[in-house]
Each structure stands twice: as C-alpha cells, then as structure tokens.
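Subject: Model for you to look at

Hi,

Here is the model I promised to pass on. Please load it first, and then read my notes below alongside it.

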Amino acid sequence: MELVTVDIGGTHARFTIATLGDDGAIVLGEPATLKTNEHASFETAWEHFAEISGRALPRAVALAVAGPVGGELIRFTNNPWVILPDQLPERLGVDKVTIVNDFGAVGHAVARAGDEYFQHLTGPDVALPTSGTITIVGPGTGLGVAHVWRDGNGFYHVQATEGGHLDFAPLDAVEDAILARLRQRHRRVSVERVVSGPAIVDIYETLAALEQRPVLHTDDRTIWTRGTAGEDTLMAAAIDRFCLSLGSAAGDLALAQGGSAVVIAGGLGLRIKDTILSSGFADRFRAKGRFESLMASLPVKLITHPQPGLLGAAAAFQKEHA
C-alpha cells in the first residue's frame, strides 16, 4: 500500500509518498521540502505537495511532529501551524492517520534502517543487537532521547522520553565553569542546556572568559560553521568541548536505560561526525567508574539515513495499521 509520510519541524515540512511492501519493506519516494513560513497551515502545505506530486494522494498519512502528541491539538514552537488530529481524515481526505513525536519517529527509523545506515563511532564495531535496549540520543534544538527495545524475534517497541531534561553533571573545571555560567540564568541546569545546538554559545563564551578573551557575542550557527571549518580556534575548541559533554550524556543515558547499544541521531551529529571521532567523546562515554568495562562493550553508532523522520513515521504507521 501507499501512504503520505510527513516530517514536520519548526522551519521545514518534508513530504514523500512511501510504499509498504507485502514483505514489510518500506520504500520512500523522492522527498519534497516545504518551508512552513510559506504556508498558512498544514492543509495548504498538503495541497502544495499534491500539486508537486501531480497525482491523487494516497488515503493514508503518517506524521512525525516536533512536539507532544496525543492531545486534542498539536502546536509547534517555531511555526504557526495548529493540527487537530481528529479533523485530519475529513480535511485531508484520508482514511488512516498515524501521528508520532519526531524523536519517536527516529526510534522507529533506528529499529528499521539497515546496517548500511549506521556509522561506527566507538566500542565494538558490530551490528546493533537484535535483542535488548538501544539508547538513542539526538542533539538538535534540544536534546532528544528515546530507546528501542527488541525482543530478538523481530518485535520492537519505541519509547520517546524527556531524558534531555536530566541534571547536567560536570566532570572537570571547565564544565564547572559552564555550569556556573548557566546557573546565573537557570535555577536548574538540565543536560540539554549544554548538549544541544544552541548551547554551543554558552560553551564558547565560557571558554572565552576562562582565557580572558573579549567575548564575541554571536549566534550558534556562526560558531558551528566557523568552528567546524577551523576558521576560529576558540570556536573549534567549543565544539570539541561539546563532544566531551555529548559523550558523557550518552553514557549516562545508556546506564539509566540499560542500553546494550547507543545511537547518536540528528543532523547536528552528522555535521560534526569527524569531530566526534577525533575528540574525547569515546573516553567520556566510557568514563563511568566501576562500569567502565561495561561501557567499553557497548557499540555506539551514528545513524546516517538521509530521512529518518520520514522512514520512522512510515514504520510507525505500518506497526499501527499493518
């Protein structure tokens, strides 16, 4: 069967038509990326996608949305759309609807993507286990956290969590300084205040203060761009420091979830994968005291699938309706 699969974020909504094979295989069509600020609503974006497709759309849809699901309406932080799930069948002309949180969709993608879509980062260079828990950590606008449990016989269950809001735990004097800086603005400092895309600004400004340099007030996009390109040594150092904290957080979450493997997800991870590999990420991931040998036994991967949100939404639909 065919369905429309949509991944809606703050800035972009990605649409494609997916085909679910009788053998369970999922094949994604060519995605169309639409800007949310150029469409008054999800329904008008849907109509635009229909025009692009040049055909009648399938009467089934799977949505991955950047926000909480399960209520009577869905609002987005960075775009003006409002989705009323109960009204989607009538408004879109569909018969079946599946809606999942965007990081829940990533969990489905991790469960379904082939081994070729995972790059080894640290630990044993083996395939992801077919049984047990896989911890998923995704730094982006915030810090997404989920896990996938597999029973060893093909069944899996995805659980999205709010693990990004655990307390940040500094491990050295530099992270003590980062925490002290953040405590000036936040009564409680969660790990996503340090391990997320926007957090690179506070890391960079802390390093500048420690070196008694003038603080160049800039945005996170500039730091990521200039730091990864090696155009600014302090910005590059901030990204290295980010990788240390990401390693610590990923290890903490694997311990908390009983993970037998870890997957780093999201566009930011892909962007800095070379830095992750050359940084102290692996050492920090393992640095769990009495559990260091356990942590060293866990494979850690980076998911490289080009559209994990679309794949995961289609997989969630298949799991619910097939």
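What follows is a tour of the sheets, the helix contacts and a few single residues.

Some ground rules first. This is a predicted model, in which local features need pLDDT of at least 70 and side-chain atom pairs count only at pLDDT 80 or more, while totals for chains, interfaces and linings use all residues. Residues are numbered from 1 along each chain as its sequence is written, and side-chain values use heavy atoms, with hydrogens and water left out. Helices (H or I, at least four residues) and strands (E, at least two residues) are DSSP runs numbered from the N terminus.

Six strands make up an open sheet with mixed pairing, in the order 9-14-13-10-11-12; two strands count as paired if DSSP finds at least two bridges between them. Strand 9 (118-122) and strand 12 (156-161) are at the edges with a single partner strand each, so one side of each has no neighbour in the sheet. On average, neighbouring strands here are turned by 25° against each other, direction ignored. Axes are lines fitted to C-alpha atoms (for helices, over the stretch in contact), and angles run from 0 to 180 degrees between N-to-C directions.

Helix 7 (residues 233-257) packs on this sheet, where it touches strand 10 (131-139), strand 11, strand 12 and strand 13 (259-264). Its direction makes about 150° with that of strand 10. Contact here means heavy atoms within 4.5 Å.

Going through the pairs:

- Strand 11 (residues 143-151) and strand 12 are antiparallel, paired over six bridges; Arg150 faces Tyr156 of strand 12.
- Strand 10 and strand 13 run parallel and are joined by five bridges, with Ile136 opposite Val263 in strand 13.
- Strand 13 also runs parallel to strand 14 (residues 300-303), through three bridges; Ile264 has Leu302 of strand 14 as its bridge partner.

Five of the six residues of strand 13 are buried, so this strand is largely enclosed by the rest of the structure. Buried means under 20% relative accessible area, exposed over 50% and partly exposed in between (1.4 Å probe, protein chains only).

Beyond neighbours within four places in sequence, the contacts of Val148 include Gly107, Ala111, Ile136, Tyr156 and Val158.

**Strand 1 and its partners**

Six of the seven residues of strand 1 (residues 2-8) are buried. Strand 1 runs antiparallel to strand 2 (residues 12-20), joined by seven bridges, and the two form a hairpin with three residues between them. Glu2 stands opposite Thr19 of strand 2. Strand 1 also runs parallel to strand 5 (residues 60-65) through five bridges, where Val6 is partnered by Leu63.

**Helix contacts**

How do helix 6 (residues 220-228) and helix 7 cross, and at what angle? Their axes come within 8 Å and cross at roughly 100°. That makes helix 6 roughly perpendicular to helix 7, a label used for 65 to 115 degrees (under 35 is roughly parallel, over 145 roughly antiparallel and the rest oblique). Among the residues in this contact are Ile223 and Trp224 of helix 6 and Ile239 and Phe242 of helix 7. By class, the contact has six nonpolar, three polar and one charged residues. Ala, Val, Leu, Ile, Met, Phe, Trp, Tyr, Cys and Pro count as nonpolar, Asp, Glu, Lys and Arg as charged, and the others, Gly among them, as polar.

The buried residues of helix 6 are Ile223, Trp224 and Gly227. Their cover includes helix 5 (200-210), helix 7 and helix 8 (267-271).

Helix 3 (residues 102-112) and helix 12 (residues 308-321) pack at about 85°, their axes 7 Å apart. The residues of this contact divide into seven nonpolar, four polar and two charged.

**Two backbone angles to check**

Gly230, which follows helix 6, has a positive phi near 75°. Gln212 has a positive phi of about 55° although it is not a glycine. Gln212 sits in the loop between helix 5 and helix 6 and counts as exposed, at 75% relative accessibility.

Best wishes
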